[in-house]
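Colleague: I have not looked at this one before. Can we go through it together?
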Amino acid sequence: MTDDSLRSVTVERTGPGRFTATNARGGTIGFGTGAGPDGAEEFTPVELLLAALGGCTAVDVDLATTRHAEPTRFSVAVTGQKTDDELGNRLTDLTVTFSVAFEDGAGADRARAILPRAVRTSHDRLCTVSRTVETGTPVTAAVEDV
């Protein structure tokens with residue numbers, strides 16, 4: 001792997017059931033199993049996975065369609081069924097649903113026309129997150145000596 005291809009985050013425990021992920025550029029996101037410091041519910045790790053699926057493909061589709069027109073609505077719903085079976089805990093039946101609207105006009109007509117292809121191309125080729133999930137990439141877990 002080259003430095004250009006390596007992606008990483010570090011997850012630090014910040015309190016009981018609470019964590020912060022930090023990327024190489026210094027961005028952070030808090031998550032956990034309950035309410036955050038302000039009382040608002042935080043994202044769970046499973047919800048972050050769903051957000052990553054939707055966010056990755058949303059970026060691809062947004063780039064393709066907004067070359068032609070700005071959307072008046074752009075929403076992506078991501079769902080999955082949490083399952084616990086002989087394979088362990090996992091999500092099944094993952095579905096990514098786009099709801100995108102454009103005003104009238106030639107550019108908007110082009111954006112509407114390419115929307116299905118942009119969604120398909122993101123799913124089939126571009127979105128690293130969904131491609132990783134679909135291909136079933138192995139995950140290695142290790143404990144570092146400290």
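Colleague: Is arginine 90 buried, partly exposed or exposed?
Modeller: This is a predicted model. In it, arginine 90 is partly exposed, at 31% relative accessible area.

Colleague: What does arginine 90 form a salt bridge with?
Modeller: With aspartate 85; their closest N and O atoms are 2.7 Å apart. Aspartate 85 is partly exposed too, with a relative accessible area of 25%.

Colleague: How many salt bridges are there in the whole structure?
Modeller: A search finds 4. One of them joins the side chains of glutamate 42 and arginine 18, at 3.5 Å from N to O. That pair links distant parts of the chain, 24 residues apart: glutamate 42 sits in the loop between strand 3 and helix 1, and arginine 18 in strand 2.

Colleague: Buried or exposed, that glutamate 42?
Modeller: Glutamate 42 counts as buried because its relative accessible area is 16%, under the 20% cut-off. Arginine 18, at 22%, is partly exposed.

Colleague: Changing topic, what is the order of the strands in the sheet?
Modeller: The order is 1-2-3, in an open sheet with antiparallel pairing. Strand 1 (9-15) and strand 3 (28-32) are the edges, each pairing on one side only. On average, neighbouring strands are turned by 25° against each other, direction ignored.

Colleague: How many bridges join strand 1 to strand 2?
Modeller: There are 6. As for partners, arginine 13 is bridged to phenylalanine 19 in strand 2.

Colleague: And how many disulfides?
Modeller: The search finds 0. Cysteine 56 is buried at 19% relative accessibility, and cysteine 127 is buried at 0%.

Note on methods:
Residues numbered from 1 in each chain as written. Predicted model: local features only at pLDDT ≥ 70, side-chain atom pairs only at ≥ 80, totals over all residues. Heavy atoms only, no water. Disulfide = S-S within 2.5 Å. Buried < 20%, exposed > 50% of the residue type's maximum accessible area, 1.4 Å probe, protein only. Pairing = 2+ DSSP bridges. Helix = DSSP H or I, 4+ residues; strand = E, 2+ residues; numbered from the N terminus. Axes fitted to C-alpha atoms, helices over the stretch in contact; angles between N-to-C directions.
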